[in-house]
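Let's take a walk through this structure together. Have a look at the sequence and the model, and then we'll go from the whole chain down to single side chains.

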Amino acid sequence: DPERQGRERARVRAETRVSPAGALATPLVLPGGARIRNRFAKSAMSEQLAERCAPTADLVRLYERWGEG
């Protein structure tokens, strides 16, 4: 019956809906193929760990650690 089918569709939608917090924890594949493990991404910014506009070993290690999660 149509009413029962409607209730079943609503139940399936409710069960498969991802909460906002759950969506942040889901991996995201970028158009270039890179995969972000969750929806938290850090944009590049100035950590003031450069010498003559070149990254230092400390800065490279810092971004590697952030990249590891």
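Start with the contacts: among those in the chain with a separation of 6 or more, 11% are between residues 24 or more positions apart. Keep in mind that you're looking at a predicted model.

Now for the layout. The chain has 3 helices and 4 strands, and if you follow the elements from the N terminus, you'll read α-α-β-β-β-β-α.

What about the surface? Of the 69 residues in the chain, buried ones make up 3%. The accessible surface of the chain is about 6,300 Å², and carbon and sulfur atoms hold 56% of that.

Next, zoom in on the charged side chains. How many salt bridges does the count come to? There are 2.

Look for one of them in helix α1, which covers residues 2-16. Here the side chains of Glu 3 and Arg 7 meet, with 3.0 Å from N to O. The two residues are 4 apart, about one turn of the helix. Glu 3 is exposed, at 58% relative accessible area, because the cut-off for exposed is over 50%. Arg 7 is at 47%, so it counts as partly exposed.

Then jump to helix α3, residues 57-68, where you'll find both Asp 58 and Arg 61. These two form a salt bridge as well, and their closest N and O atoms are 2.2 Å apart. Exposed or partly exposed? Asp 58 is partly exposed at 43% relative accessibility, and Arg 61 is partly exposed too, with 46%.

How values were computed: Residues numbered from 1 in each chain as written. Predicted model: local features only at pLDDT ≥ 70, side-chain atom pairs only at ≥ 80, totals over all residues. Heavy atoms only, no water. Buried < 20%, exposed > 50% of the residue type's maximum accessible area, 1.4 Å probe, protein only. Contact = heavy atoms within 4.5 Å. Areas by Shrake-Rupley, 256 points an atom, 1.4 Å probe, with all protein chains shown as cover. Salt bridge = Lys/Arg side-chain N within 4 Å of Asp/Glu carboxyl O.
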